[in-house]
Amino acid sequence: MRIDLHAHSTASDGTDSPAGLVAAAAKAGLDVVAITDHDTTAGWAPAAEALPPGLSLVPGAELSTISVDPVSGRHVSVHLLAYLFDPESEAVVAEQTRLRSERRWRLRVMAERMAADGLPVDPDEVMSLLPEDGSAGRPHLAQALVRAGVVASVNEAFGSYLGNGSGYFVARQDTLVEDAIDMIAEAGGVTVIAHPFAYTRGATITVDVLAGLAAHGLTGVEVDHPNHDEETRVQLHGLAGELGLVRTGSSDYHGTNKTIDLGDETTDPLALEELVARSTGYQVVTR
């Protein structure tokens with residue numbers, strides 16, 4: 001059984017529609033795929049409606065959260081995967097609505113800064129092309145830079161203009177990670193930290209912080225991820241065992257916005273069984 005628990009659609013910053021995502025998952029030979037768009041569940045229904053026979057769908061989301069190191073006080077961005085939670089939970093709806101608004105504000109400010117600097121970016125056009133109920137992200141601005149011929153690829157856009165150290169970068173006010181874990185648990189869902197030690201992406205949490213989150217109720221950790229080298233995977237595999245965390249593996253697929261394919265990293269079926277067993281808010285969708 002081939003299971004990929006981290007994939008994005010046009011409901012956030014992927015390039016496949018939700019229906020296209022499940023079709024691509026079936027074509028890639030997956031048995032199970034999770035839809036985990038940033039701070040939105042807008043893709044759940046269209047993905048479920050288009051689900052091909054033989055493919056199961058795990059409804060989820062990737063939440064924008066922040067960790068504050070209790071020792072150093074350092075703030076680190078944490079991507080928290082949430083699965084099988086009640087999408088109509090009042091707390092979840094309110095926080096996802098706030099985060100989507102924050103994301104749109106941030107994207108417009110970044111686009112306006114670029115336009116003011118003379119880059120061929122039209123902030124109104126960028127915003128008009130966003131999915132109506134979806135979640136805005138820097139890849140949408142990266143695509144505008146590609147269309148304008150400023151860069152040749154989304155990766156180049158991030159390297160030159162959109163990275164955290166860029167003068168165009170604007171920070172968000174993300175959810176405290178402990179609050180997000182509690183919110184999803186109360187909505188019957190489970191939580192898994194995405195690519196926790198992906199050092200090439202920027203600052204990461206420490207081992208002590210991961211242990212604290214496990215004690216707080218975190219369900220699992222994404223061990224196998226394209227941004228984790230072999231040494232990191234071995235370390236995380238051991239830590240997961242010590243901390244009682246479910247180990248997952250996922251591609252973090254974004255369609256043509258990344259070079260990663262669906263199924264490049266996968267999750268053990270027993271791990272998925274454990275996540276499902278611990279959740280009560282929503283069910284895996286099958287045809």
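This is a predicted model: local features need pLDDT of at least 70, side-chain atom pairs count only at pLDDT 80 or more; totals for chains, interfaces and linings use all residues.
Q: Which residues have a positive phi although they are not glycine?
A: Most residues other than glycine have a negative phi. Here aspartate 39, in the loop between β2 (32-38) and α2 (44-49), has a positive phi of about 55 degrees, and leucine 84, in the loop between β4 (75-83) and α3, also has a positive phi of about 55 degrees.

Q: Are aspartate 39 and leucine 84 buried or exposed?
A: Buried means under 20% relative accessible area and exposed over 50%, with partly exposed in between (1.4 Å probe, protein chains only). Aspartate 39 is buried at 0%, and leucine 84 is buried at 1%.

Q: How do α3 and α5 pack, and at what angle?
A: Axes are lines fitted to C-alpha atoms, for helices over the stretch in contact, and angles run from 0 to 180 degrees between N-to-C directions. Helix α3 (residues 90-116) and helix α5 (residues 138-147) pack at about 30 degrees, with their axes 9 Å apart. That makes α3 roughly parallel to α5, a word used for angles under 35 degrees, whereas those over 145 count as roughly antiparallel, 65 to 115 as roughly perpendicular and the rest as oblique.

Q: Which residues of α3 meet α5?
A: Contact means heavy atoms within 4.5 Å. On the α3 side these are Arg106, Leu107, Met110, Ala111 and Met114, which meet Arg138, His140, Leu141 and Leu145 in α5.

Q: How many residues of α5 are buried, and what do they pack against?
A: In α5, 7 of the 10 residues are buried, so this helix is largely enclosed by the rest of the structure. Among them are Pro139, Ala142 and Ala144, and the buried residues of α5 pack against α3, α4 (123-128) and α6 (154-162).

Q: Where is threonine 232, and what does it touch?
A: Threonine 232 lies in helix α9 (residues 230-243) and is buried, with a relative accessible area of 5%. Not counting residues up to four places away in sequence, threonine 232 touches Phe197 and Tyr199.

Terms used:
Residues are numbered from 1 along each chain as its sequence is written. Side-chain values use heavy atoms; hydrogens and water are left out. Helices (H or I, at least four residues) and strands (E, at least two) are DSSP runs, numbered from the N terminus.
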